[in-house]
Amino acid sequence: MTAALDILPVTQMPADGPYGPAGTHGVTARLFDPPALATLAARRGGGIALAAAARVELGLDLADAPRLSRADGLSAIGTAPGRWLLLAGTEGDLAARLAPLAPHAAITEQTDAYVGVEIDGPHARDLLAKGVSLDLDPAAFPPGAAATTNVAHVNVSFWREPGEDRFVFLVARSYRVAFARFLVASGAEYGLELVHRG
Amino acid sequence: MRIPCPYCGARDASEFAYLGDATLTRPDPAAPDAADAFHAYVYLRDNPAGAHSEWWYHAGGCRRWVKVARDTTTHAIAGAELAEGAR
Amino acid sequence: MSRLPSSGLVDRSRRLNFRFDGKSYHGFSGDTLASALLANQVRLVGRSFKYHRPRGILSAGPEEPNALVELRSGSRREPNTRATVAELYDGLDAASQNRWPSLALDALSLNGLVAPFLGAGFYYKTFMWPATFWESVYEPAIRRAAGLGRAATSADPDHYEKAFAFCDVLVIGAGPAGLMAALAAGRAGARVILADEDFLAGGRLNSEAVTVGGEPGHVFAAQAMAELASLPNVRIMTRTTVFGVYDDEYGAVERVSDHLPTPAPFQPRQRLWKIAARRAILCAGATERPIVFGGNDRPGVMLAGSSRSYANRYGVATGKSVACFTNNDSAWSSAFEMKAAGVNVTTLIDIRREVAPALAARAKALGIAVLTDTQVTGTSGQPIGGALTGLSLRTGGRSDRLAADTLAMSGGWSPSLHLTCHHGGKPVWNEGLAAFVPGRTPPGLSVAGAARGTYGLGDILAEGARQGTDAASALGFAAALPDLPATEDTPAGIAAFWHVQGSKGPAFVDQQNDVTAKDLGIAYKEGFRAVELMKRYTTLGMATDQGRTSNVNGLAIMAELTGASIMETGTTIFRPPYTPVSLGVLGGHHRAKDFRPTRLTPTHQWAASLGAVFVETGPWLRAQYFPKAGETDWLTTVNREVKAVRASVGLIDVSTFGKIDLQGPDVGAFLDRVYINTFSTLAVGKARYGVMLREDGLVMDDGTTARLAPEHYVMTTTTANAAKVFQHLEFCLQVLWPELDVTLASVSEQWAQIAIAGPRSRDVLARVVDAGVDVSNEGLPFMGAIERTVMGGVKARLFRLSFSGELGYEIAVPARQGEALARALMAAGEEFGITPYGIEALGVMRIEKGHVSGNELSGQTSAGDLGFGKMASTKKDYIGRVMAARPGIADPERLSFVGFKPVDPGQRLRAGAHFLTIGAPADMAHDQGYMTSVAHSPHLGHWIGLGLLKNGPARIGERVRAYDPVRGGDFEVEVCAPAFIDPNGERLRG
Amino acid sequence: MRYSFLSLLKNGLTGQSGWKPAWRDAAPKPAYDVIIVGGGGHGLATAFYLASEHGIRNIAVIEKGHIGSGNAGRNTTIIRSNYLLPGNEPFYEWSMKLWEGLEQALNYNAMVSQRGILNLYHSDAQRDAYARRGNAMRLAGADSELLDRDGVRAMYPFLDFDNARFPIQGGLAQRRGGTARHDAVVWGYARAADQLGVDIVQNCEVTGFLTEGDAIVGVETSRGAIRAKKVGLAVAGSSSRVAKQAGLKLPLESHVLQAFVSEGLKPLVDGVITFGAGHFYISQSDKGGLVFGGDIDGYNSYAQRGNLPVVEDVAESGMALMPRIGRLRLLRMWGGIMDMSMDGSPIIDRTPRPGLYLNSGWCYGGFKATPASGWCFAHLLATDADHATATAFKLDRFRTGHLIDEKGVGAQPNLH
């Protein structure tokens, strides 16, 4: 419990705005609804064919590792061997777009399963150090690195954006308030700006 | 204790669910001695003080079952492999 | 004031006011509470644990056994705070503890008078007569007298948090060894964390008047810290105690705000660090040992090095007339430096016959009298407060007296090797050092400096530099040994000595727990000679200081008694934490409402807007019921909800069920292996109820699984078992049958799922599905499962299922559409009086219908127990089949599932009541089972129950006694079939 | 020497000089009627009751280290008989009755203190489960009370009733539950057994078994071979290792359970409280330390030490339950090795090897069982028949399916 959390009900998303000492702004968290999301899981023995199909059909180089692959507005985050979360930059029928992969993979619609949270700012890593049990030093977790892990009892997948010092989290929808409370509790010290991105 | 998940990398053991002895094989249910074999499979354990092969499920990560070689007297981990190979 | 004119590192321009026991004082920035009290000539600070003897300040560090205070007050009261490490702040308020009515006049100090009777083990030999007096008389008195400080009066108002850190080299302790280690590794480019428990880095360099690299030690330390601070790869953490070595991580506490009156806004009080370090170097220094002699616990008797520290670091003279008592050279240095700082050191008393001539010469030059071959045999003190006034001495056979208000003693030094023991390593006795040195260390941890038994300052600097270099090199960094700053050598000669034989008065070994040399003698006589037995019997080393100043002396005295060597007698094992750690910081921000995350259903806000009452269901908050204005008790509301459903239609969010998509050609075969019944034959577009077992043959979970396409099924699990079932299925697929081509995806979060039930539910459904979607009895028959669209193009999964026993459907839509669906259903059902209902009404209806739920799926029940025996396929193997055939599981006499109704319909049934045969005695031998679930059935107008009864199904119609003594219930119930409504299922098929 | 007012007075006046060793440091004889392997509470209690109840005096308790160095000295000292299942509850209630007379039986103050135990419930389902349990306790002759929220508040007003994630709804109280001084239990049994002629042989590690055909006829030890008509194992934490030397594979895993003690405080917690929404139980010792614990670490271990996640879990639960303890400090943490059995309940039985008897599988509930475990094991060793309260603790119950699974989690030791 913190002074910041004390006044926030656990049943409501914390409102947009600054949390922390007046005049400080060390980290920004932008919450957003992913435009389209799906899980892609290679069929038994279908990993190589799937990778080939993804390359041909989507121009996507699916890394079979906890990394981000991206092509043509489509991001693939490795979550398990032969398994990815696919995130499209725009709304639309992601399943249809992935249909060419269907012979080699199970495709499962997950657009509504997660909320996204972008976290950046000079104190982004300080905030995240309070919940992420991974070494986020760029040498250990370089741009494009991804992970699925537990943060403050909440399961998340996240990656480090290439080119920008920014982390993007996908959080199960039913846990979104709990995760936001972690952000407020951990980030208020540095001045946290919480924004719902339209 | 950090479990070296072959896919995710080293993660705190609290991300995993533990099942235990990974040397056991599910017996043939049709075999004439199935009752005895299942009794041994479900209930009896070597429980060694020393090298132990054990199942950990990476519930908070890749949701893969990982076979970990760990010493039960020192907790030192000699290696880890996924239950199933690459897909 | 006893502030020395010039020495010390406190900032005399920053005066800080504080209070102790209600009296106002002042100190300076840089003081500890202890140094400020000494500066104000406060000598009596606390009372001891058992005999309530007056105690002062023994040390200047974390080893302090005596100067424990209650710091702060009210909800921030911190009992047992060591004044020697409490950083002074303006407005600090502290109180002495374990005394009544006052510190100077403590009633329980009378305990001291009967001390001859209260030796070690006293409690175990008495208070047994009469037997009933223990809890009523003796123990309450003992409990009141025991303990030290008092807990805070209400919830801790401060914030705590946890954080992770990673580094190549963790250096623990920023004294001379640690600074050099950090410099060596840091300059090489390794990621270094330098942690020090003190608020001022430097360790002994701040307390000793030494020269390093041509500068005073503390200046060297400050310069080294400045360089380290300039290195981007080095993180400096002062006020941070590394308290434990765990597998692959170190635990540390950063005291972020303890030096402030209250934490700054949004700042935590403390932060728990979990540090993963590839290498660590322990540079924790050493702790000075007292000497055991009569009256060695008086205020004014203290450790020599600490007395020196008060002079050099804090600019405080610990007394007006200081004598030193020792067996080793370091106390001579302490005496010399104190004298140089302006303290009146009168006499050096050494048990040794001879000391190094240079030391004797220096003493002479400084005008300090030297008494060699001399022991302190007793002390005298002031009548009130007991502060030291004089010493009894013995030189050879000659006795003498010496006036002194401070005795600075040193029995030698014990390396602070605590962390080396945390993986089971046992310290090893080093005869030459008369000290334990580290044994086997935890993986990756090495030890440098005094913590390793290296006492000479030059050697310490060199050892720290070497180990820092080695650690960095081993990790692949190009590390060069730093140039070593020149320093003087500090003498460290010692003659092992523990205990002044034949001294007067109690000679304390463990001052906090009041363990005397005589107590050790009792332990010896009674056979408690092994170190663990001795400690447990006498409580030696079990106090808040964890035996820092007492363990070695205790061991040595026991060794003297047994004639064995110290190593044979045992060793001192230290367990985490290194120093006590607040419970608040170990909990972090996971307290109160944030103890665990709260999961919210997709329709939470909608339900809240209707005034729903929510209830914790595992991690979820679910709508329990929806009271309307004027409904004052929950039963009224629930009855209304149930009636509304049975009469017309209602809706409830069931999104919390686990939902798993299974895809692949082998899904049917797979489900056949995990369910007791068959799913490979299920038609596309149909759902089936399934029961799965654990491998031990008992029921794991139940739920409905539908086949959406030939190679695509969707399984539902109970809310409680969602994660467990998923894990089980993955085990089966990854470990048992990797040949099966099946992939799983949890879709619990993707789909909001709302159940509508009641005779008008089809009418309501028909109004929300898109045009052309046929939900007639033909288009969507009972147990049908189809994918269609609703609300104008929203993808949906439609299931015709019923938990309530009424015609019913479940509609799944993407989670963000859940609330819209709820509102659409409300609008569509308005003319039928559609009623939102909560899980209470859901529970009532499932009990009326006789469905099992969590209370019956207890993990102790078999499929047969629950009436699913006939469901089990005999044509296939499945998980749990073999073990379910064991006689103890298959026995028909087991407790089995049936219904119950009260013989007197006015009786209220209660879950948890046991069943007894009527007329049989109420004892365990006649226990026949228990009630699992009850509900008030508005349909029947009385209470009904489900339960597990020995051989239950064969006893329908029989009456048994429902025995519930914990709630005063004892009446007859009739055993009945577990379906109270529509037993033939006509309603749900219509 | 009997402890009495007189002996205390005499020693008080003579500088405590008259005390004798509480037990002899015996050297092993070549043969005994019964050897008990394991000098913890259970082993010593077994020896004491063999001697006192069955008249068998030619007994050795052999211990690899010193007595009480295993779990007997590493637990949270709770005694209670609030079990659910018919296989368990009568046994634990028998144990409670033995606790109630322990000091008089042993002439040793083990500080058996019946200040009560309270199990909190936080949901209707949990309330019903506790009612079921409370009723079972009554059927077994134990005491139990189901309290509502106000009843709990009256006992412990400082619990978090106002802002809890899982609000306290009430509790199941057993007023006769409480604590006992764990070390004193060991010492009391050792002293009393010694006075009846039992040899307590310390620093004597079993390295093998003497056999004649299938039968076990003694033990090989680090101090030589010792023959015995019967050998009883009471070596919690090491059961699998020792049984393996007799060729037996047991339904056990060894797991580490951590326990914690705070700095000493003036009285705060009178009885024992267990949290129902997490793993946490707490009491306060007569010395003033809060003694508390939580769940096992959850993986096979013989290391007698645990890790931070459980420490944090325990502290989170403690803070959730009693938010005023935030500024109290954890003084010491330690780990003990538990015999976690496959259904969470113990084994007191013969083994397939004639002459070898087994007392094991206490999971983390062994301390409270000490007197009855000793009583029933002694009964089995002396009579070759089960004691009436311990008929369910069979080794073959896993084969027959007569499980005693209080938690209903199945064959997964780390979940019991």
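Two residues are said to be in contact if their C-beta atoms, placed from the backbone, lie within 7 Å, and by this rule the most contacts among the five pairs of chains that touch are between chains C and D. These legends describe a predicted model, in which local features need pLDDT of at least 70 and side-chain atom pairs count only at pLDDT 80 or more, whereas totals for chains, interfaces and linings use all residues. Residues are numbered from 1 along each chain as its sequence is written, while chains are lettered from A and ligands numbered from 1 in the order in which they are written.

**View 1. The interface between chains C and D.** On the two sides of this interface, 86 residues of chain D are in contact with 93 residues of chain C. Helix H5 of chain D, residues 124-139, gives the most to the chain D side, with ten residues; helices (H or I, at least four residues) and strands (E, at least two) are DSSP runs, numbered from the N terminus. The chain D side divides into 39 nonpolar, 24 polar and 23 charged residues, where Ala, Val, Leu, Ile, Met, Phe, Trp, Tyr, Cys and Pro count as nonpolar, Asp, Glu, Lys and Arg as charged, and the others, Gly among them, as polar. By comparison, no contact joins chain A and chain D, whose closest C-alpha atoms lie 9 Å apart.

View 2. Strand S31 of chain C (residues 581-582) runs antiparallel to strand S16 of chain D (residues 329-341), and two bridges join them; two strands pair if DSSP finds at least two bridges between them. Within this pairing, C:Val581 stands opposite D:Leu330.

**View 3. Strand S15 of chain C and its partners.** Strand S15 (residues 270-282) of chain C is mostly covered, with eleven of its 13 residues buried; a residue is buried if 20 or more other C-beta atoms lie within 10 Å of its own, exposed if 12 or fewer, and partly exposed in between, with C-beta atoms placed from the backbone. Strand S8 (residues 160-172) of chain C runs parallel to S15(C) and is joined to it by twelve bridges, and here C:Val171 stands opposite C:Ile281. Strand S14 (residues 249-254) of chain C is antiparallel to S15(C), with five bridges, and C:Ala252 has C:Trp273 as its bridge partner. Strand S28 (residues 445-447) of chain C pairs with S15(C) in the parallel sense over three bridges, and C:Ser446 in S28(C) is opposite C:Ile281.

**View 4. C:Phe122 in a loop of chain C.** C:Phe122 is found in the loop between strand S7 (92-96) and helix H2 (133-145) of chain C. C:Phe122 counts as buried because it has 20 C-beta neighbours inside 10 Å. Although C:Phe122 and C:Thr538 are 416 residues apart in sequence, their C-alpha atoms are 9.6 Å apart in space.

**View 5. Domains 1 and 2 of chain D.** The domain assignment of chain D gives domain 1 (26-78 + 182-250 + 343-415) and domain 2 (114-178 + 253-341), with bounds that come from an automatic or database domain assignment. Taken over C-alpha atoms, the centres of these two domains are separated by 28 Å. Their contact takes 23 residues from domain 1 of chain D and 22 residues from domain 2 of chain D, and the domain 1 side divides into eight nonpolar, 13 polar and two charged residues.
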